[in-house]
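Thanks, everyone. Let me put the structure up, and then I'll walk through it.

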Amino acid sequence: MDAGSLSSFSNLKGQSRCPLQEQLLQRKNSKENMDRFIPNRSAMDFDYAHYMLTDGRKIKENQTACSPAREAYRKQLAETLNMNRTRILAFKNKPPAPVELFPSEHSTASAHPTKSLKPRRHIPQSSERTLDAPDLVDDFYLNLLDWGSSNVLAIALGNTVYLWDASDSSTSELVTVDDENGPVTSVNWAPDGRHIAIGLNNSEVQLWDSTANRQLRTLRGCHRSRVGSMAWNNHILTTGGMDGQIVNNDVRIRSHVVETYRGHQQEVCGLKWSASGQQLASGGNDNVVHIWDRSMASSSSPTQWLHRLEEHTSAVKALAWCPFQSNLLATGGGGGDRTIKFWNTHTGACLNSVDTGSQVCSLLWSKNERELLSSHGFTQNQLTLWKYPSMVKMAELMGHTSRVLYMAQSPDGCTVASAAGDETLRFWNVFGVPEVAKTAPKVNRELFSQLNRIR
């Protein structure tokens, strides 16, 4: 901005501030001047008031003709009879002290010496950065975006998986699959932030080392159709397919299928392990949410669910485990449902249900505050930030022109990436910065050491 522009901006700013400030002061004074103080009749002596208005006035008029001795006698008599009062009307309460229009820091601090209010966090209403995402598949049932612990974001565009390094904003291509195998239908980073699973339309899952840019193995025989959802639990990769099956794959061993969960009648579009790794939440196109317990898993027979939750009336893809309450799960329903529901996964009870007014595509809990972020479809295609547990809307973030299908959270929990059918990838500084930086848990990087020997 040049000096002339800066000067004109300062003049404009000064002009806009002064009238506003003056208007507020005038309004304040007019409000104060309208106060009426009603005399307190019980505190008044009406006989004395009448005397002062009549006879007392005559005495004052004739004071000039009185001798000094008579004047001294009158004063002594008035003092004895309490006639020196000058006020006729008595008020019960004193008028309020004048308002200090510009209070000093000292007076403000002394007025509230003990209470310190937390400053309200500024939530930017526009995206911090927008990247092109051509050929992003506009499919509600897929999961094409994930942000790994090494601060690298993976996104699948058509048959290709791209990696975007948030530390230096560099982009690289990891893999492009053949047309007969693609498109890519899901991506999910392993806990170490180096290895990544890629689900394909042909029912296979590829495991890649992103640092070496090398494929480690292909998981086959898990499903009969595309793999649209995946979730890691240590060395176990859980996959969900259009065939309705959920499979636990131990990536360290050759015969990788170790458990199978059967309960969904249609495509499994959402999978999330709890932080403890003991419970798995799955959502499907059959409008059902299942809670599976790891301790009940069996390799010899299909595993029975712990809870079957059937309150949603549309497909459930959005799943999010609460980071500050281990047994709290948030779920979001599709276009025919439009609700966010909260569940106690120990009992299976629905704790709350909130109608959002539009399709819920994705859910993310804040790692730093008690807040929940949801992404939506028609009609506004917005991201909505909610305060938990009141579920009061804190902000609505606009920018996408098509349904916001995918969201991913940065490792520090501050930034959220969203990808939509408008083929854009947007970054939002929606979550607050943590007050105290927590040490990241150590990840066992030896989990994938045996993958080099498996084919």
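The chain has five helices and 28 strands. Helices here are DSSP runs of H or I with at least four residues, strands are runs of E with at least two, and both are numbered from the N terminus. This is a predicted model, where local features need pLDDT of at least 70 and side-chain atom pairs count only at pLDDT 80 or more, while totals for chains, interfaces and linings use all residues. Residues are numbered from 1 along each chain as its sequence is written, and side-chain values use heavy atoms, leaving out hydrogens and water.

Some totals. Of the 455 residues in the chain, 45% are buried. Buried means under 20% relative accessible area, exposed means over 50%, and partly exposed is in between, with a 1.4 Å probe and protein chains only. The accessible surface is about 25000 Å², and carbon and sulfur atoms hold 50% of that. Those areas come from the Shrake-Rupley method with a 1.4 Å probe; for residues, only the protein chains shown count as cover. Now contacts, meaning heavy atoms within 4.5 Å. Take those with a separation of 6 or more: 48% join residues 24 or more positions apart.

On to the sheets. Strands of a sheet pair through backbone hydrogen bonds, either parallel or antiparallel. For pairing, DSSP must find at least two bridges between two strands.

Look at the open sheet with the order 10-11-12-13; its four strands pair antiparallel. Strand 10 (227-233) and strand 13 (257-262) are the edges, each pairing on one side only. From one strand to the next, the twist averages 20°. Axes are lines fitted to C-alpha atoms, for helices over the stretch in contact, and angles run from 0 to 180 degrees between N-to-C directions. Inside this sheet, strand 11 (236-241) and strand 12 (245-250) share five bridges in the antiparallel sense. G240 sits opposite I246 in strand 12.

Another open sheet of four strands runs 14-15-16-17, with antiparallel pairing. Strand 14 (268-273) and strand 17 (307-309) each have a single partner strand, so one side of each lacks a neighbour in the sheet. Neighbouring strands here are turned by 15° on average, direction ignored. Strand 16 (289-293) and strand 17 run antiparallel, joined by three bridges. V289 faces L309 in strand 17.

What does the record say? Residues 261-293 are 0% helix and 58% strand, with end C-alpha atoms 10 Å apart. For residues 397-430, the figures are 0% helix, 50% strand and 9 Å between the end C-alpha atoms.

Now the inside. In soluble globular proteins, nonpolar side chains tend to be buried together. A nonpolar core is a set of buried Ala, Val, Leu, Ile, Met, Phe, Trp, Tyr and Cys residues joined through side-chain atoms within 4.5 Å. Which residues touch the most other members of the largest core? They are L145, L153 and I155, in a core of 35 residues. Strand 3 (152-157) gives this core its largest share, six residues. Leaving out residues up to four places away in sequence, I155 touches A133, L136, L144, L145, T160, V161, Y162, A419 and L425. Apart from that core lies another, of 15 residues, among them A318, I340, W365 and L372.

Most residues other than glycine have a negative phi, and most peptide bonds are trans. The G182 to P183 bond is cis, with omega near 5°. P183 is in the loop between strand 5 (170-176) and strand 6 (184-189). The bond from Y388 to P389 is also cis, with omega near 5°. P389 is in the loop between strand 24 (383-387) and strand 25 (392-397).

D135 is not a glycine, yet its phi is positive, about 70°. Its loop runs between strand 1 (129-132) and strand 2 (145-147). S203, not a glycine either, has a positive phi of about 85°. S203 lies in the loop between strand 7 (195-200) and strand 8 (205-209). Buried or exposed? D135 counts as exposed, at 54% relative accessibility. S203 counts as buried, at 12%.
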